[in-house]
Structures are given as structure tokens and as C-alpha cells.
Amino acid sequence: TLGFYVQEELSWQDRIFLTGAVRGDDNSAFGSNFELQYYPKLSASWVISEESFWPAADVVNSFRLRSAWGRSGRQPSTFAQSTLLEIIQGPNGNGFVPETVGNPDIGPEVSTEIEVGFDVAFLEDRLGGPFSYYQNKTEDKLVNQPLAPSTGLVGTRQANLGAMKSWGWEASLNVRAYESDAVSFDFDLSADYTKNEITSLGEGILPTGNFQIGWPFPNVSSDHILRYGELNTDVGGNPIPGSLNVASLVCDGGLPARPGGAPILQGGADVPCAGFSSLTQGLLLGPAYPNYTVSVAPTLTLFQDLQIFSVIQGQYGRWVA
């Protein structure tokens with residue numbers, strides 16, 4: 001890897017701060033069609049509480065607005081552009097066959113993110129914390145692409161395919177609840193929310209399995225049974241308790257995530273479940289990662305030397321198959 005980094009920081013009266021930077025990276029894993037890649041960034045912040053119009057006796061003793069925009073890249077695996085060979089034994093000696101197949105068009109996975117937020121403090125910094133909202137778009141994602149049988153090769157090779165967007169927020173609150181020479185008690189509250197969505201699978205790539213446009217990733221999908229239908233009957237036509245007639249199950253027929261697309265979202269017409277799953281490979285139930293994370297971390301400090309602390313964390317919104 002070879003690269004450089006240049007950054008300039010400017011400030012005005014210790015209230016307004018601007019930062020601009022650019023990073024250049026070149027990597028031996030890039031394909032022959034890729035050269036030096038550039039990643040710029042720009043950030044700004046404004047300490048509004050330092051302005052003359054800010055109330056001097058206000059309970060909010062510090063308030064800063066901030067925003068940032070930038071790009072970053074993730075390099076391919078070390079030998080992604082190279083075809084590697086392995087030795088095999090033959091009847092007349094050793095030979096070579098491809099072990100991994102290289103991609104001369106491989107390049108970095110590029111993410112572009114914008115973030116806005118603020119930092120606030122109350123009651124002489126006894127209460128405060130940051131809040132941030134972000135949006136991220138990742139293009140040319142690095143995925144393992146199966147090789148077509150017509151190539152005469154088997155397995156996969158790394159390629160730049162598809163795009164994904166994500167968005168969410170992060171917040172924390174730091175509280176100094178009690179303070180004295182002998183004892184102090186603090187606790188930190190934090191929470192975050194995140195969601196992502198597949199926006200492109202790449203040119204000529206058909207949706208398969210859990211890779212569907214409009215779905216989060218990773219995710220969990222399944223048939224969505226709406227009604228259990230009827231019970232099996234005995235020779236006299238009487239329902240057999242607990243004996244479900246599978247052929248009578250009714251499922252959600254699904255809705256397309258985009259016009260003309262496959263029915264992959266919940267909320268469609270009622271259809272018989274028999275044979276349904278082989279056509280749609282299931283409907284989206286939800287993400288396989290937690291949307292929400294919440295934590296509480298209290299800390300007790302004794303005589304300024306001994307700390308007793310704990311962390312309680314909960315995660316929510318995740319589906320498990």
C-alpha cells in the first residue's frame with residue numbers, strides 16, 4: 001500500500017472551525033485498470049454558546065453545532081487481482097491448475113457519508129452529551145462473485161458489484177449525579193439506531209436468496225403464514241384435533257419492492273402456501289442485525305482512587321432464523 005494524506009485546519013475566534021483533507025491510496029490488490037484513488041473530506045463546527053447573543057445565565061452552558069462529509073475506501077483482498085495456481089500430481093509429473101481466479105477490474109469499495117449533529121452541556125457540565133445523525137452510501141461493494149461455467153473455472157472471484165445505503169443516529173447522555181471529596185456517582189446513557197438497504201445488485205446481476213433490492217442486509221426471510229386453514233378429517237369427515245391440513249395453509253402473496261420486481265415484501269394478497277416458497281424464496285421478515293442498541297453504565301468513585309462500574313446493554317429489532 002502506498003498513500004499520502006494532506007489536511008488543513010482553520011479557526012476563527014475559537015468559535016468557527018473548518019477542516020479539509022484529502023487522502024490518496026494505491027494498493028497492489030487493485031486491478032490493472034485502477035490507479036491512485038482519492039478520498040476527500042470536509043468538516044465544520046460552530047460553538048454557538050461563545051457568541052455574544054448567547055444568554056450568559058442560561059442553563060445550557062455549552063452548545064456546538066457540527067457537520068462533516070467525506071469518502072473512504074476499503075481495499076480488495078491481497079491477491080484479488082491475481083490468478084493463483086496450485087500444483088497437482090498427474091500421470092506424467094506435476095502440473096498447475098488455477099486455485100483462485102483474479103479480476104483485473106477489481107477496485108476499492110467506496111463509501112460516502114454525511115453527518116450532522118451537536119454537542120450540548122447543561123448546569124456547568126454536570127449534564128451533557130453528543131447527538132449525531134448520518135447517511136452513508138457504499139458503492140462498488142466487494143463481493144465474491146460465482147464464476148460462470150462457460151469460463152471453464154469453478155468457485156468465485158472478488159468483484160465490485162452493487163450498492164447499499166444506510167442511515168441512523170447516535171446519542172449519549174453523561175450525568176454527574178453526585179460529587180464530593182469522598183464519593184462521586186456518574187452514569188452514562190447511550191442509544192443508537194441504524195438501518196441499511198440494498199439499492200443495486202450490479203449490472204446484469206439477478207436477485208438471489210437474501211440479496212434483494214429494497215431489503216436490508218443481512219436479513220431473515222420466510223413464508224408469512226396468515227391462516228392455518230383446515231384440519232385433516234377422518235373417514236367419517238370429522239376434523240381430527242391437532243392434525244393440520246398443510247395444503248390449506250394461506251400465505252401472504254407479497255408485494256414488490258419496486259415496480260415490476262418480485263413479490264418480496266409483506267402485505268400482498270392471500271395465496272395458498274403450497275408451492276409458494278419455491279417461487280419467491282420467502283418474504284422479508286426483518287434485518288438480522290439489531291436496529292436499536294441501548295446501554296446504561298453507572299460508575300461509583302470512592303476517595304478518588306477506587307472505581308466500581310457496570311454496563312447494562314440491550315439490543316432490539318433483530319430477527320434470528
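In the hairpin of β1 and β2, three residues lie between the strands, and glutamine 13 among them adopts a positive phi near 55°. The model is predicted, so local features need pLDDT of at least 70 and side-chain atom pairs count only at pLDDT 80 or more, while totals for chains, interfaces and linings use all residues. Residues are numbered from 1 along each chain as its sequence is written, and side-chain values use heavy atoms, with hydrogens and water left out.

Strands, like helices, are DSSP runs numbered from the N terminus (strands are E runs of at least two residues, helices H or I runs of at least four). Two strands are said to pair if DSSP finds at least two bridges between them. Strands β1 and β2 (residues 16–26) run antiparallel and are joined by eleven bridges; within this pairing, valine 6 stands opposite valine 22 in β2.

Aspartate 14 is found in the loop between β1 and β2. Its phi is near 55°, a positive value in a residue other than glycine. Aspartate 125, in the loop between β7 (109–122) and β8 (127–139), likewise has a positive phi, near 65°. A further backbone feature is the cis peptide bond from phenylalanine 217 to proline 218, with omega near -5°; proline 218 lies in the loop between β12 and β13 (219–222).

The table lists relative accessibility for selected residues, with buried meaning under 20% relative accessible area, exposed over 50%, and partly exposed in between (1.4 Å probe, protein chains only).

| Residue | Relative accessibility | Class |
|---|---|---|
| Aspartate 14 | 57% | exposed |
| Aspartate 125 | 55% | exposed |
| Alanine 274 | 57% | exposed |
| Phenylalanine 4 | 38% | partly exposed |
| Tyrosine 38 | 49% | partly exposed |
| Aspartate 252 | 4% | buried |

## Aromatic pairs

A pair of aromatic rings is described by the distance of the centres and the angle of the planes. Rings of Phe, Tyr and Trp (its six-membered ring) pair if their centres lie within 6.5 Å; planes under 30 degrees apart count as stacked, over 60 as edge-to-face and the rest as tilted. The structure holds eight aromatic pairs. In one of them, the ring centres of phenylalanine 4 and tyrosine 38 are 6.2 Å apart and the planes stand at 65°, so the pair is edge-to-face. This pair links distant parts of the chain, with phenylalanine 4 in strand β1 (residues 2–12) and tyrosine 38 in strand β3 (residues 37–47), 34 residues apart.

Strand β22 (residues 292–302) has a covered face made up of Thr293, Ser295, Ala297, Thr299 and Thr301, whereas Tyr292, Val294, Val296, Pro298, Leu300 and Leu302 belong to the uncovered face.

With β12, β22 pairs in the antiparallel sense over eleven bridges, and aspartate 186 stands opposite threonine 299 in β22. The pairing of β22 with strand β24 (residues 312–316) is also antiparallel and has five bridges; here the bridge partner of valine 294 is glycine 314. Four bridges join β22 to strand β23 (residues 306–309), again in the antiparallel sense, with leucine 300 opposite isoleucine 308 in β23. Strands β22 and β23 form a hairpin with three residues between them, and phenylalanine 303 in the turn has a positive phi of about 55°.

## Aspartate 252

Aspartate 252 is found in strand β17 (residues 250–252). A polar contact is a pair of N or O atoms within 3.5 Å; within protein, one must be able to donate a hydrogen and the other to accept it, and residues adjacent in sequence count only if both atoms are side-chain atoms. A polar atom of the aspartate 252 side chain lies 2.8 Å from the backbone nitrogen of glycine 254, and the backbone nitrogen of glycine 268 lies 2.7 Å from a polar atom of that side chain. Aspartate 252 and proline 263 are eleven residues apart in sequence, with 9.8 Å between their C-alpha atoms.
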